Amino acid sequence: MRTAQRIANLPPYLFAEIDRKKEAKQAQGIDVISLGIGDPDMPTPDRIVDAMADAIKDPSNHQYPSYFGAKRYRDACAEWMDRRFGVDVNPDDEVVALIGSKEGIAHIFLAYVDPGDVTLVPGCGYPVYHTGGILAGGESHFMPMTEENGFLADFESTPADVLARAKMMFLSYPNNPTSAIANDEYFDRAIAFAREHDLLIIHDNAYSEIGFDGYRPPSFLERPGAKDVAIELFSCSKSYNMTGWRVAFAAGNASAIKALGTVKSNIDSGVFTAVQDAAIEAILGPQDDVVELSALYQRRRDLVISALAKIGLHAAVPKGTIYVWARVPDGHTSAGFAEKVLEEANVIVAPGNAYGPSGEGYVRISLSTPDDRLEEAIARIEATL
Ligand SMILES: *Cc1c(COP(=O)(O)O)cnc(C)c1O
């Protein structure tokens, strides 16, 4: 049997070697601490679990869901956009329910990318911005991101011949993996650029609710004219500790929402309606748990930042997300340092180059680990340096 070329075209899985070493160590009974994965360790708040328990008993939820999302879920998404950001979206044609934002990212390529088309993707970012394009037969142009420019993806440096073949551009702030945030001026420039070059912008706002020191991440759709060129993805995964539930939504430009929904209606049959009911409770119920969650990550951030400073590793102090992005010591590569830390400290950190070329020279430390394990991991890294 021969698999399609698109499978062979996928980049090698950079965590494969790390996973293999981890399993070998664990087989020897060694306690390995993983700071490699961004998956909340805290449980989903009870109010959401309770809403699910009620919803699952309703037989009308047991049938096929609506392809674009239940009317009540799309209404709730629009209501939340208004409450949270003062953004106006029409629930009838500017919102589509997603089985997690990853699903929307992977499927938008089928709506916009023909073989040979280019997508502008952040120099380091969520891997599916690149692999989703490969699976659709497209190509990626990695927009440079540097510490000097605040890890704002530099779309303006894209060569003209690449731009001529480009149809979409992914942006994501607060950013995974760098934790960088963007300002209004940058978003406005992106909108003007998309207009000039006829691009669809997909702004992935997976960390919209995780902000520190009083910072509340904005919506891209707050910017004037954004809806003419962009859709934005929001997810319950990181905000409400719901990664396993698979529920998110896209909002914004009506023709892009329709195109994405058209692809989806030919591939999946939407989100389990009971899960949509739980998500309604998540976004419209009392938001105290979100405030507490940000406070928890902020405390862990402070713990990691001060420990890294003590051992001489440089990291900017993030204003949001669940990651600390640290520069590797001089003379190391991302992969080399991650390997050293695993070998000598039995701690997994994510090598920055796994997220794209701009990630070389950094490692990503995830804050989704209990405090005591985080402290233990940092102490072990310190002992190796
Ligand atoms: C976690 C994450 C996602 C995936 O979110 P799901 O809604 O669980 O699919 C998407 N984008 C970014 C940047 C993420 O960090």
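In this model, an oxygen atom of the ligand sits 2.9 Å from an N or O atom in the side chain of Asn176. The structure is a predicted model, in which local features need pLDDT of at least 70 and side-chain atom pairs count only at pLDDT 80 or more, while totals for chains, interfaces and linings use all residues. Residues are numbered from 1 along each chain as its sequence is written, and side-chain values use heavy atoms, with hydrogens and water left out. Here is a short tour, starting with the ligand.

**Around the ligand**

- For Arg246, an N or O atom of the side chain is 2.8 Å from an oxygen atom of the ligand.
- On its own the ligand has 390 Å² of accessible area, and the protein covers 94% of that (Shrake-Rupley method with a 1.4 Å probe; for residues, only the protein chains shown count as cover).

**Backbone details**

- Arg246 also has a positive phi of about 60 degrees, although it is not a glycine.
- Arg246 belongs to the loop between H10 and E8; helices (H or I, at least four residues) and strands (E, at least two) are DSSP runs numbered from the N terminus.
- The peptide bond from Asn176 to Pro177 is cis, with omega near 10 degrees.
- Another cis peptide bond joins Tyr173 and Pro174, with omega about -5 degrees.
- Pro174 is in the loop between strand E5 (166-171) and helix H8 (184-197), and Pro177 is found in the loop between E5 and H8 as well.

**The cavity**

- Searching the whole structure turns up one cavity of 30 Å³ or more; on a 1 Å grid over the protein atoms alone, a cavity is a set of points where a 1.4 Å probe fits but cannot get out, and lining residues have an atom within 4 Å of a point.
- The largest cavity has a volume of about 70 Å³, where volume is the space filled by probe spheres set on the points, and grid points are joined across faces, edges and corners.
- Its lining includes Tyr73, Trp80, Ser235 and Phe249.
- Helix H4 (71-85), strand E7 (230-235), helix H10 (236-239) and strand E8 (248-252) each contribute at least two lining residues to the largest cavity.
- The lining of the largest cavity has eight nonpolar, three polar and one charged residues (Ala, Val, Leu, Ile, Met, Phe, Trp, Tyr, Cys and Pro count as nonpolar, Asp, Glu, Lys and Arg as charged, and the others, Gly among them, as polar).

**The pocket**

- The largest pocket (an open set with protein on both sides within 12 Å along at least five of seven lines) has a volume of about 1300 Å³.
- Of the 49 residues that line the largest pocket, Lys102, Tyr126, Pro127, Val128 and Tyr355 lie nearest its centre.
- H6 gives the most to the lining of the largest pocket, with six residues.
- By class, the lining of the largest pocket divides into 25 nonpolar, 16 polar and eight charged residues.

Definitions and conventions
A polar contact is a pair of N or O atoms within 3.5 Å; within protein, one must be able to donate a hydrogen and the other to accept it, and residues adjacent in sequence count only if both atoms are side-chain atoms.
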